[in-house]
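Student: I would like to go through the helix packing and the sheet of this model. Please give the general idea before each case.

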Amino acid sequence: MSTEANERIGLYPGTFDPITLGHADIIRRGSKLVDTLIVGVTTNPSKDPMFSPEERIDMVRNEVRRLGVENVVVEGFNALLVKYARKKGATVLIRGLRAVADFEYEYQMAGMNQQLDTSVETVFLMADVSLQPIASKLVKEIALFGGNVAPFVSAEVSKLIEARVATLGRRGDF
């Protein structure tokens, strides 16, 4: 995908471990706001990933194909967000919000990012009401304790999670 000088590039960063229906909704809607949306799959030292960075990148790419959005590029990165945005020419950061707790954290991050680079704006998209409770962390926990994650992720991602849980082993007494 080539970029023109006046092209509006957006960046939707996240760990996507795993990618949920909520993430997919933000990708679909965010892609309408920019000419090119980069979904940046990153690492977060404070999270315990179920999938490797490469597996998550593949998972997100497959979900983007399933969505049929053609102006979305999926890349891995491990850098300060605003530096990565600057390198990619992104002037818009797309962030999804589910609840007030998300807003408090995201508001602080947006402020810090603005202090680091005033040329990058953060745009918040509210999650679809039906998807607001979905969080990757909870999806992993449900799966590890033998619960059904099908309502929260695509069928393809559900199969990947099921296979990973089979490798890791279920938790709990039941």
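**Helix packing and the sheet**

Tutor: Helix 5 and helix 6 cross in the right-handed sense. A crossing is left-handed if the near helix is turned anticlockwise from the far one by less than a right angle, and right-handed if clockwise. Helices (H or I, at least four residues) and strands (E, at least two) are DSSP runs, numbered from the N terminus. This is a predicted model, in which local features need pLDDT of at least 70 and side-chain atom pairs count only at pLDDT 80 or more, while totals for chains, interfaces and linings use all residues. Residues are numbered from 1 along each chain as its sequence is written, and side-chain values use heavy atoms, with hydrogens and water left out.

Student: At what angle do helix 5 and helix 6 pack?

Tutor: Axes are lines fitted to C-alpha atoms, for helices over the stretch in contact, and angles run from 0 to 180 degrees between N-to-C directions. For helix 5 and helix 6 (residues 155-168) the angle is about 55°, and the axes are 10 Å apart. The two are therefore oblique to each other; angles under 35 degrees count as roughly parallel, over 145 as roughly antiparallel, 65 to 115 as roughly perpendicular and the rest as oblique.

Student: Which residues of helix 5 and helix 6 make the contact?

Tutor: Contact means heavy atoms within 4.5 Å. Helix 5 contributes Val139, Ala143 and Leu144, and helix 6 contributes Ile161, Val165 and Leu168.

Student: Is Ser136 buried or exposed?

Tutor: Buried means under 20% relative accessible area, exposed over 50%, partly exposed in between (1.4 Å probe, protein chains only). Ser136, in helix 5 (residues 136-144), counts as buried at 14% relative accessibility. Leaving aside residues up to four places away in sequence, Ser136 touches Asp17, Pro18, Thr20 and His23.

Student: In what order do the strands of the sheet run?

Tutor: Two strands pair if DSSP finds at least two bridges between them. Here 5 strands form an open sheet, ordered 3-2-1-4-5, with parallel pairing. Strand 3 (72-77) and strand 5 (121-126) are at the edges with a single partner strand each, so one side of each has no neighbour in the sheet. From one strand to the next, the twist averages 30°.

Student: How many bridges join strand 2 and strand 3?

Tutor: Strand 2 (residues 36-42) pairs with strand 3 over 6 bridges, in the parallel sense. Val41 has Gly76 in strand 3 as its bridge partner. Helix 2 packs on the sheet, where it touches strand 2 and strand 3, and its direction makes about 175° with that of strand 3.
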